[in-house]
Amino acid sequence: ISGDMKADEMLMAIRERGEESHCEQYDVMKKLVPHECRGFDKEGRPLYMERTGRINCPVLFQVMTEESLIRNHVWMCEFQFERCRQQTERLGRPVYQTTCINDMAGMSMSHRYALGWLRRVAVLDQAFYPNFFAHLFVLNPPRVFEVLFNVVRPLLSKEMT
């Protein structure tokens, strides 16, 4: 991982800030990356839902840097970890994974702007969040999804594909 901070330094900084930390430019992220962390799957794992196809990638990458988006991804993973810890206490059994639902309706070749970011996130997630995602459901995948996914697939472990 290149950039201002190495991934492990980024993780330490985020963990040190604790609950008082917040997603960088949260209002921008909420508007440009429609998502929510709400509810749990039938096993009690936290849900993360994103309307990936509605993301306007050219605009997103104009107003936010790739580094900032990486930090926001790490923040979201840490937020989900906290939800797992809370579920562990609530259910009295370990909950250490999350379930993601990505709606790809509206995805187009403009999403190619995110490929560099996706490559970095794939490497980061496998290094620091292995097996964190119990399930990843892809809804409404357009034809372009397969093309874009084939670029990222070689970076993923067998468990992720």
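1. A salt bridge here is a side-chain nitrogen of Lys or Arg within 4 Å of a carboxyl oxygen of Asp or Glu. Keep in mind while reading that this is a predicted model. By that rule, the count comes to six salt bridges. Side chains of opposite charge can pair when their charged atoms come close.

2. Let's start with glutamate 36 and arginine 38, whose side chains meet in a salt bridge at 2.5 Å, N to O. Glutamate 36 counts as partly exposed, with 31% relative accessibility. Arginine 38 has 53% and counts as exposed, because the cut-off for that is over 50%.

3. Next comes aspartate 41, found in the loop between strand S1 (35–36) and strand S2 (47–50). The side chain of aspartate 41 forms a salt bridge with that of arginine 45 (2.7 Å, N to O). Buried or exposed, where does aspartate 41 fall? At 16% relative accessibility, aspartate 41 counts as buried, and arginine 45, also at 16%, counts as buried too.

4. Aspartate 41 has other partners to look at. Its side chain makes a polar contact with the side chain of threonine 99, at 2.7 Å. If you set aside neighbours within four places in sequence, aspartate 41 is in contact with Leu47, Thr99 and His135.

5. Now for glutamate 66 and arginine 120, which pair through their side chains in a salt bridge of 2.9 Å, N to O. Glutamate 66 sits in helix H4 (residues 66–91) and arginine 120 in helix H5, so this pair ties together parts that are 54 residues apart in sequence. Salt bridges with shared partners join Glu66, Glu67 and Arg120 into one network. As for accessibility, glutamate 66 is partly exposed, with a relative accessible area of 28%, while arginine 120 is buried at 13%.

6. Helix H5 itself passes a simple length check. At 1.5 Å a residue, its 14 residues should span 20 Å, and the end C-alpha atoms are 20 Å apart, which agrees. Buried residues in H5 include Leu115, Trp117, Val121 and Leu124.

7. Last, helix H6 (residues 143–152). Which residues of H6 are buried? They are Val144, Phe145, Leu148 and Val152. Seen down the helix axis, the buried residues of H6 fall within an arc of 105 degrees, so they line one face of the helix. An α-helix has 3.6 residues a turn, so residues three or four places apart point the same way. On the other side of H6, Arg143 and Glu146 are exposed. The buried residues of H6 pack against helix H5 (115–128) and strand S4 (133–139).

Key. Residues numbered from 1 in each chain as written. Predicted model: local features only at pLDDT ≥ 70, side-chain atom pairs only at ≥ 80, totals over all residues. Heavy atoms only, no water. Buried < 20%, exposed > 50% of the residue type's maximum accessible area, 1.4 Å probe, protein only. Helix = DSSP H or I, 4+ residues; strand = E, 2+ residues; numbered from the N terminus. Arc of directions from axis to C-beta. Contact = heavy atoms within 4.5 Å. Expected span 1.5 Å × (residues − 1). Polar contact = N/O pair within 3.5 Å; in protein donor to acceptor, adjacent residues only side chain to side chain.
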